[in-house]
Amino acid sequence: MQQNLKRIAGGNWGISQIHIWILYKTVERMLAHGSSAWCLNPTFKMKRKLSSIQRPFLLHISGAYRTTPTAALQTILGIPPLHMQLQFEARFTSIYRLRIPLPPFITDTQPHDLEMKATGWSTHPSEHLKPNQISFEDGETYIDRKDIINIFTDGSKTEHGVGAAFCVLTNDIWAYQWSAKLNDNNTVFQAELTALHEAVIYASHLPNHNTSKIHVDNRASITASSNSKSTNETARKIFKILLSNPRIKVSWVKAHAGNIGNERADQLAKDATQHGQPYSHTKLPKPHIKGLLLEEWQTSWKNGDTGRKIYNIMLSVSLRPTNWIREDVIFFSQHGPFPAYLKRFHLSDSDYCSCGGIGTALHYATECIYTVFWHMRKPAPNFEQEWLKKVANNLVSRQKIRGIIKFISENRDLFRPP
């Protein structure tokens with residue numbers, strides 16, 4: 001399929017990059033058929049074969065020279081190695097859908113570690129919360145009354161981890177507070193739900209003559225908890241507690257709007273990301289398996305032997321492609337119409353430019369007399385990598401790079417040494 005399309009489309013015209021991308025995804029889906037049966041633990045031979053299938057697509061999508069390293073193209077385009085993608089899908093199908101435990105040498109994550117989707121109704125359809133139990137009034141403030149106990153909840157995720165917390169305000173006194181540290185792979189939404197769940201449990205054990213008002217700054221968690229058909233297990237538990245305790249009310253409060261209770265809960269949740277007691281009742285989210293794919297890909301990219309020029313510019317992998325075009329890939333990979341490149345691959349007898357300098361990508365961007373129109377300031381030798389990173393992240397600089405590459409490609413005879 002790829003070769004047939006390549007015959008239709010020329011090098012500088014034909015179908016757009018997005019259509020090539022769609023074709024690749026189509027072929028990927030064909031290859032993924034039954035991957036849960038044959039790609040849980042691919043052999044070296046399978047990995048090499050899948051890489052050879054993927055590589056022509058990467059070259060076609062990026063427009064890069066055929067010697068450009070596969071690992072570099074995968075990182076630039078945000079496309080994981082094909083064997084990793086299929087292995088991820090095989091694991092996901094086995095663990096999440098089939099709920100089959102996998103051997104430890106394949107993965108440490110097992111079905112009982114993951115948060116599964118609940119189905120059906122949590123209660124009878126005729127049972128529903130009281131109209132005044134849920135409120136989405138924007139910025140509703142707490143009421144200071146002796147018969148109302150105000151509870152503020154929050155969840156937080158920082159570089160230190162994930163935390164959940166709630167605090168209780170009664171008669172202008174902080175009567176109680178709770179906080180916990182969740183697994184680092186839990187989401188903010190899970191932290192918000194966990195805090196709300198612990199808060200409603202606390203409120204349900206208070207004397208019956210007290211009305212509890214729980215203030216939450218996350219609308220999504222309130223919506224999920226007030227829906228009897230929510231697919232989230234924690235949200236369902238909250239719904240059942242609210243159903244049997246009409247005196248517990250939940251209202252939305254605007255985050256970081258100067259509300260003293262909300263600010264205190266927010267600080268408690270942030271502190272819990274570092275110093276909170278471990279909380280193991282909240283299971284790992286579904287996207288955790290995708291995170292494992294990115295971790296494996298990152299390790300492979302970091303420890304790889306190829307694509308080091310691109311690695312020095314892009315240290316981290318991502319499923320989101322860069323906004324580079326063909327000329328950017330050619331310049332930063334340094335696989336292009338440069339005499340130094342042609343000499344390296346024995347396509348030329350000399351690595352000199354016709355101006356007398358060594359014909360590297362940096363030479364044309366900073367000092368060649370034929371490309372002076374696009375010149376940028378030449379970096380010191382020990383700052384070359386930092387210079388490349390800055391140029392890669394600057395659109396104006398990349399526009400100059402694109403002009404240089406197009407000019408060299410269209411005037412190759414000009415740059416050949418005599």
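Which residue just after H13 takes a positive phi? I looked this up in a predicted model. Gln334 does, with a phi of about 65°.

**Entry: H13**

I then went back over the helix itself. H13 covers residues 326–333 and is mostly covered, with 7 of its 8 residues buried. I listed the buried ones as Glu327, Asp328, Val329, Ile330, Phe331, Phe332 and Ser333. Next I checked what lies over them. The cover includes helix H5 (70–77) and helix H12 (308–311). I also noted helix H15 (361–366), helix H16 (384–392) and helix H17 (395–410) as part of that cover.

**Entry: domains**

I took down the domain bounds. Domain 1 is made of two segments, 1–112 + 291–312. Domain 2 spans 134–282, and domain 3 spans 326–414. For domain 2 and domain 3, I have the C-alpha centres 57 Å apart.

**Entry: H2 and H6**

I looked at how helix H2 (residues 17–31) packs on helix H6 (residues 82–97). Their axes are 11 Å apart and meet at an angle of about 55°. I recorded the crossing of H2 and H6 as right-handed.

Which residues make the contact? From H2 I noted Tyr24, Glu28, Arg29 and Leu31. From H6 I noted Leu82, Gln85, Leu86 and Glu89. Sorted by class, the contact of H2 with H6 has 4 nonpolar, 1 polar and 3 charged residues.

Key
Residues are numbered from 1 along each chain as its sequence is written. This is a predicted model: local features need pLDDT of at least 70, side-chain atom pairs count only at pLDDT 80 or more; totals for chains, interfaces and linings use all residues. Side-chain values use heavy atoms; hydrogens and water are left out. Buried means under 20% relative accessible area, exposed over 50%, partly exposed in between (1.4 Å probe, protein chains only). Helices (H or I, at least four residues) and strands (E, at least two) are DSSP runs, numbered from the N terminus. Contact means heavy atoms within 4.5 Å. Domain bounds come from an automatic or database domain assignment. Axes are lines fitted to C-alpha atoms, for helices over the stretch in contact, and angles run from 0 to 180 degrees between N-to-C directions. A crossing is left-handed if the near helix is turned anticlockwise from the far one by less than a right angle, and right-handed if clockwise. Ala, Val, Leu, Ile, Met, Phe, Trp, Tyr, Cys and Pro count as nonpolar, Asp, Glu, Lys and Arg as charged, and the others, Gly among them, as polar.
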